[in-house]
Amino acid sequence: MGGTNVWDAEWEVNEEQARTLIGRQFPRLSSKQVKRLGWGWDNTVFLIGDEYVFRFPRRTIAVGSIRMEGKLLPKLEAYMTIPYPKPLFYGEASDEYPAPFLGYAFVPGDFPIGLTEERRALSAETLAKFLRRLHEFPVQAALKCGVQQDHRNLTDIASRKVKLEGFLSKVVEHLSPEESGVIEAYMSRLQKDRVEAVNALLHGDLHFKNMLVNENGIVSGIIDWGDLSVGHPACDLSVAYSFLPPYARGVFFETYGGADEETKLLARLMAVYIPILILMQAVDDGNVAIAVEAKSNIMRALSD
């Protein structure tokens, strides 16, 4: 299992181990095919047959998040207007694997990469209804499930701006002069230092790599809920800027139930910040398609 104590351990799970661990605790799944779908910083993800997805934490820090998802995600069902991965199988830690793991219903769909603006606009009401309901979930009930409260200081614009400037210097050679010009102009106009705190339950990481669309390009699934947290709704509302074309934002905010200027300001900032992080990672991974999509998200966010 590596490491001198469990806190240092980075556990890697391969398909063979996943099959054994799942088969032992959930015998009815033991005949199904196990295929690794991918891995993030925190979890390794496997497709089981074609109906379930299992996530195994890779680091101690991810264990709390898996536990919290296991508690909170089932409670969200009555609030969900878009399919999401609902936990169905609760794997326990054992001698062979030191962490709990979760099995969810598989949510089908494609990532919204390279969609036309017209197709994107079709999801304005769908996304707004989804976020309106999610943000209505009682904050106290979420906190009882172990959700973190504003651990990212979302309302502190000044310090986020400093971070963003640091990230930009790292990716500037991957931007065209026009792109960096647009971003720099936006940054110099952004004078507000912070906004009033507002608390809502957030997906917390809403972007094109965590959204799925159907064959018409309409949003049909929201995945990867590991960043569920309580904080400013602008974090999630950033999709109005990164995902939707400017002409679809009116209907989005109308359906959502309105948003004040501060919220819109912060939402736009997050719509630049999140894709810049994705761009940095894509450049690092040499993933051209993701890098192109991240840049187009930023440019869309900064167009009116």
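Start by selecting helix 7 (residues 177-189) and helix 12 (residues 288-301): their crossing is left-handed, with axes that come within 10 Å and cross at roughly 45°. Left-handed here means that the near helix is turned anticlockwise from the far one by less than a right angle, with clockwise for right-handed. Helix 7 is therefore oblique to helix 12; angles under 35 degrees count as roughly parallel, over 145 as roughly antiparallel, 65 to 115 as roughly perpendicular, and the rest as oblique. The axes are lines fitted to C-alpha atoms, for helices over the stretch in contact, and angles run from 0 to 180 degrees between N-to-C directions.

Now show the side chains there. E179, V182 and I183 of helix 7 meet K295, I298 and M299 of helix 12, where contact means heavy atoms within 4.5 Å. Of these contact residues, four are nonpolar, none is polar and two are charged. In this scheme Ala, Val, Leu, Ile, Met, Phe, Trp, Tyr, Cys and Pro are nonpolar, Asp, Glu, Lys and Arg are charged, and the others, Gly among them, are polar.

A word on what you have open: it is a predicted model, where local features need pLDDT of at least 70, side-chain atom pairs count only at pLDDT 80 or more, and totals for chains, interfaces and linings use all residues. Residues are numbered from 1 along each chain as its sequence is written, and side-chain values use heavy atoms, leaving out hydrogens and water. Helices (H or I, at least four residues) and strands (E, at least two) are DSSP runs, numbered from the N terminus.

Strand 7 pairs with strand 10 (residues 229-231) in the antiparallel sense over three bridges, and L201 sits opposite V230.

Stay in strand 10 and click on S229. Is S229 buried or exposed? S229 is buried, at 2% relative accessibility; buried means under 20% relative accessible area, exposed over 50%, and partly exposed in between (1.4 Å probe, protein chains only). Among the residues S229 touches are V147, H151 and L202.

Most residues other than glycine have a negative phi. D150, though, has a positive phi near 30°, and N153 has one of about 50°. D150 is partly exposed at 23%, and N153 is partly exposed at 46%.

Five strands make an open sheet in the order 1-2-3-5-4, with antiparallel pairing. The edges are strand 1 and strand 4 (87-91), and the twist averages 25° from one strand to the next. Strand 1 pairs with strand 2 (residues 43-48) over five bridges, with R36 opposite F46. Helix 1 packs on this sheet, its direction making about 115° with that of strand 1. Helix 2 (residues 63-75) packs on the sheet too, at about 40° to the direction of strand 5.

Last stop: L29, in the loop between helix 1 (15-25) and strand 1 (34-39). L29 is buried, at 3% relative accessibility, and its contacts include I22, Y52 and F89.

Note on methods:
Pairing = 2+ DSSP bridges. Lists of a residue's contacts leave out its neighbours within four places in sequence.
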